[in-house]
Amino acid sequence: MLNNTLIPFNENLATKFYFGKSITEVIFKQLENEFFIEGNERIDFQKNLFGHSFKLKIINNVERKTIEISTTAISFFPQLKEESEIEDIRKRIFKHVARKDDVYRITSEQNLTSSIASMLKNDLRGCASMLYYSLHKYTNSLLYSFFNNVISIEDHEIIFDEIEHYTSNMFRKFTETFKVEDIKEIEDPNELINYLSHNSSASKTTKSKIDPFMLLMYTWNSEWDCELFLNPNVNFISNNLFGIEYKGSSLDSYREIYTELGKLGRNHENNVKQAIAYSLIKSLEDSERKNVWLFFIITLRLYWLRQTADYEFDFDVKTSVKEMSKLVHTIKSLIDLINLNETKSISKESAPYNQTIKEEEKKETILCPLYSIDYDFPKNLINEDREKKVSLFMSVIHLDSKFNYEKILSALNFTPHITNQKDCFIYEISNKDFSIYLYVNLSSEGRWVFWFENNSELFNSHSEKDLKDSFQDFFTTLSESYLDYHGERLDTNLVGTNPLFLNETTSYISIKGMNNLEFELLKRRIQLESELVRAFEIMLGEEERLINLLNIEIDVHFWLSFQLEAEQAMKIIEDNYSRLNFGFIILDEPHEILHSMVETLNSRVGMFKYFILISTSELQEFLNAGKSENILYEVLMRINNQCYNIIDENGSGVEHVEEILNNCIKLNSELSVIYATKGYWYLKREKDFEKGKEWYEKSIEMDKKYNNGKFASELEQKYHLELAKYYLENDNNKEAASRYIEVGMPKDARFLNDFEELIKEYDMYIPPPVVDLVAVSAED
């Protein structure tokens with residue numbers, strides 16, 4: 001039996017295995033190959049920013065079976081019944097999702113993320129340290145991947161203590177023992193482990209330690225196209241350490257440097273420089289293994305920086321953002337390259353029809369992962385006047401081996417709608433109604449800073465999304481100008497911070513700008529309403545047809561503290577609506593009176609209008625992620641009420657009600673009232689007593705299961721009321737109706753008047769409930 005991972009769960013008539021983590025694309029493709037059978041139909045869902053599918057459905061139309069694979073789980077329909085079959089499938093999944101090479105790969109990528117975040121914060125020590133550990137963990141991943149895929153042995157058969165670090169001492173030991181002619185195919189894993197550890201055979205108490213340089217000689221793939229990101233970085237290191245351009249004619253100079261360094265006294269820095277010089281020489285002599293020798297230079301430099309970062313106080317003067325960004329780019333590029341090649345090697349030869357993208361449909365987008373980190377606005381850009389005006393800002397860094405400050409500045413000066421200021425550029429983003437001004441600064445090390453400034457005479461309505469969109473717009477325009485000016489594309493890799501507030505207490509309204517308020521609010525409303533419609537579509541997912549079926553409309557209201565509350569309330573509810581309308585009232589701080597007023601508004605404005613009170617931060621989160629349990633709950637409850645009213649009045653759109661209710665249940669299967677409304681549909685519309693009764697009972701069951709029976713008594717009372725109505729309206733069966741009335745009336749006070757009106761309408765006599773006098777006496 002395997003360990004406690006991948007426990008099967010039966011969900012919606014399927015058996016689902018959760019991975020307990022988010023798997024990589026490589027593992028995703030392995031699972032696809034494991035379970036896909038020729039002749040089955042495959043359907044890809046959801047693409048991420050890079051176009052990779054991260055949800056797959058495999059359909060066996062002959063056996064009527066399906067398999068769904070996502071990054072977090074895999075499920076099988078119909079449910080797996082036999083224990084032997086479940087265990088067999090678990091093992092097939094386990095060998096992919098719990099492999100050590102994947103564990104090390106994920107850890108490596110997490111360290112890389114931490115390194116990038118540290119660089120964005122100007123924490124170069126943390127950046128160097130985490131980047132080295134990313135490299136070392138990835139080396140472990142390469143070892144396990146090599147043994148699994150090339151030698152074809154499992155993780156538990158690979159016995160060694162650890163992979164040594166990329167030290168200059170280990171490099172010297174490697175160069176003393178390594179001979180090109182020794183590299184050969186070794187099928188015995190123990191023999192290979194001995195070779196990779198310089199034949200230091202493991203004893204019973206001591207395991208072998210792997211030489212990372214020797215390991216790379218075996219695992220390095222000559223087909224990996226690395227020179228684009230290795231050569232520029234090696235050239236930077238060569239210039240930085242020795243003042244020499246990396247090229248073929250520099251070979252003799254490197255030999256001289258290597259000899260001179262050997263004459264000097266041994267210390268850590270000299271040893272590293274000599275090892276780097278040796279690698280430079282070998283990269284020019286050994287063309288077949290040139291790239292691996294170039295990569296040794298990166299590893300040796302990075303290990304030295306990591307050691308210096310940990311133990312020397314003056315680390316920051318020994319490196320720079322420019323060098324660290326180049327090293328980050330190299331390690332990231334290599335990891336991405338190996339992952340891409342590994343994914344390609346296990347992918348199907350032919351892409352499915354729905355992954356084909358027409359050339360004219362492709363749209364170039366600047367990809368820039370953003371990290372939520374603390375970063376201070378640069379001191380060299382701040383002054384007393386600007387500090388008062390800057391609202392939002394963000395920082396972005398180039399991870400480019402070939403970043404050229406002067407070439408980008410030239411393109412900036414050549415870019416339309418950009419003006420050159422003393423310490424920054426101003427980029428104007430225009431549409432037919434208004435302009436946004438984005439302030440831009442670029443340092444020689446490749447760090448951008450983008451910000452908005454408030455004009456004290458205008459109302460400021462900039463959001464975090466505005467800054468992100470403006471940044472994207474800017475880089476798209478810059479890329480076009482770069483191509484026009486230099487005749488080559490701006491091929492760049494970027495990482496950045498999420499937008500930050502310089503002064504969170506900045507007032508967004510000035511007295512002089514009051515005259516502009518109405519116009520600014522109008523344009524902001526139009527923008528937000530459009531964004532909210534898109535967010536609704538994301539939230540409703542596959543059920544977004546609800547928007548069309550119910551003819552949903554969305555509008556936005558700003559609650560302004562300086563306006564009279566009664567005046568605002570009247571303005572908000574003055575329109576009449578002929579469709580289901582959600583009104584978002586946006587405010588910055590909690591407002592007790594407003595909460596009470598919203599409840600009153602929702603009870604007064606009728607079935608077609610519903611208000612949702614939301615703070616600016618909640619709204620921003622909803623727009624960014626397209627997800628909100630609170631908003632989804634409010635929307636579904638209102639849609640349910642709308643459906644009930646349509647059924648009750650046999651109104652327009654009644655033919656869509658059942659489909660709408662089914663979609664709502666898919667979005668939230670725990671809302672008991674939706675089941676009750678479906679029961680009402682069957683009793684009122686379909687005249688189906690048994691199904692109506694079944695769905696009402698299901699609603700009571702769901703409320704007790706998921707809501708601690710909060711509405712159970714109301715649901716039970718409504719259930720008895722509607723069954724009584726059914727008997728009276730369809731069969732005129734007063735006897736049967738009486739039984740439901742007698743049981744349902746005492747359940748709750750909610751529908752008591754409805755019972756009384758029903759009794760009066762059909763001229764019925766219902767005896768009062770029997771009182772237990774003994775129990776009453778005992779209580780007294």
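The legends below accompany close-up views of one predicted model.

**Figure 1. The whole protein, as a setting for the close-ups.** Before zooming in, here is the overall picture. The predicted model has 780 residues, and 49% of them are buried. Its secondary structure comes to 28 helices and 19 strands. Among contacts with a separation of 6 or more, 70% are between residues 24 or more positions apart.

**Figure 2. Helix H1 and its covered residues.** Helix H1 spans residues 25–35 and is mostly covered, with 8 of its 11 residues buried. Those buried residues are Val26, Ile27, Phe28, Lys29, Gln30, Leu31, Glu32 and Phe35.

Figure 3. Asparagine 60 belongs to strand E4, which covers residues 53–60. With a relative accessible area of 15%, asparagine 60 falls under the 20% limit and so counts as buried. Once neighbours within four places in sequence are set aside, asparagine 60 is in contact with Asn40 and Lys65. Isoleucine 69 sits in strand E5, residues 65–70. This isoleucine 69 is buried too, at a relative accessible area of 0%. For a handy distance to check, take the C-alpha atoms of isoleucine 69 and lysine 57: they are 6.4 Å apart in space, while the two residues are 12 apart in sequence.

**Figure 4. Tyrosine 132 and tyrosine 303, an edge-to-face pair.** The model holds 41 aromatic pairs. In this view, the rings of tyrosine 132 and tyrosine 303 lie 5.2 Å centre to centre, with 65° between the planes. An angle over 60 degrees counts as edge-to-face, so that is the label this pair receives. Tyrosine 132 is part of helix H4 (residues 124–151) and tyrosine 303 is part of helix H11 (residues 290–311), so the pair ties together parts that are 171 residues apart in sequence. Both partners are buried: tyrosine 132 has a relative accessibility of 0%, and tyrosine 303 has a relative accessible area of 9%.

**Figure 5. Helices H5 and H11 side by side.** The axes of helix H5 (residues 168–177) and H11 come within 11 Å and cross at roughly 155°. Since angles over 145 degrees count as roughly antiparallel, H5 is described that way relative to H11. The crossing is left-handed. On the H5 side the meeting residues are Ser168, Phe171 and Phe174, and on the H11 side they are Trp293, Phe296 and Leu300.

**Figure 6. Helices H4 and H7, an oblique packing.** Here H4 meets helix H7 (residues 212–219), with axes that come within 10 Å and cross at roughly 50°. The two helices are therefore oblique to each other. Their crossing is left-handed. H4 contributes Thr139, Leu142, Leu143 and Phe146 to the contact, while H7 contributes Pro212, Leu215, Leu216, Tyr218 and Thr219.

Figure 7. At 2% relative accessibility, tyrosine 680 counts as buried. Its partner in an aromatic pair is tyrosine 644: the pair is stacked, at 4.4 Å centre to centre and 20° between the planes. This pair links distant parts of the chain, since tyrosine 644 is in helix H21 (residues 629–649) and tyrosine 680 is in helix H23 (residues 672–686), 36 residues apart. Tyrosine 644 is partly exposed, with a relative accessible area of 22%. Lysine 718 lies over the face of tyrosine 680, at 5.3 Å from the ring centre. Lysine 718 also lies over the face of phenylalanine 751, at 5.2 Å from the ring centre.

**Figure 8. Helices H26 and H27.** Our last stop shows helix H26 (residues 734–744) packed with helix H27 (residues 752–761) at an angle of about 150°, their axes being 11 Å apart. This angle makes H26 roughly antiparallel to H27. H26 passes H27 in a left-handed crossing. Tyr740, Ile741 and Gly744 of H26 meet Phe755, Leu758 and Ile759 of H27.

Notes: Residues numbered from 1 in each chain as written. Predicted model: local features only at pLDDT ≥ 70, side-chain atom pairs only at ≥ 80, totals over all residues. Heavy atoms only, no water. Helix = DSSP H or I, 4+ residues; strand = E, 2+ residues; numbered from the N terminus. Buried < 20%, exposed > 50% of the residue type's maximum accessible area, 1.4 Å probe, protein only. Contact = heavy atoms within 4.5 Å. Phe/Tyr/Trp six-rings, centres within 6.5 Å; stacked < 30°, edge-to-face > 60°. Lys NZ or Arg CZ within 6 Å of the ring centre and 35° of its normal. Axes fitted to C-alpha atoms, helices over the stretch in contact; angles between N-to-C directions. Parallel < 35°, antiparallel > 145°, perpendicular 65-115°, else oblique. Left-handed = near helix turned anticlockwise from the far one by under 90°.
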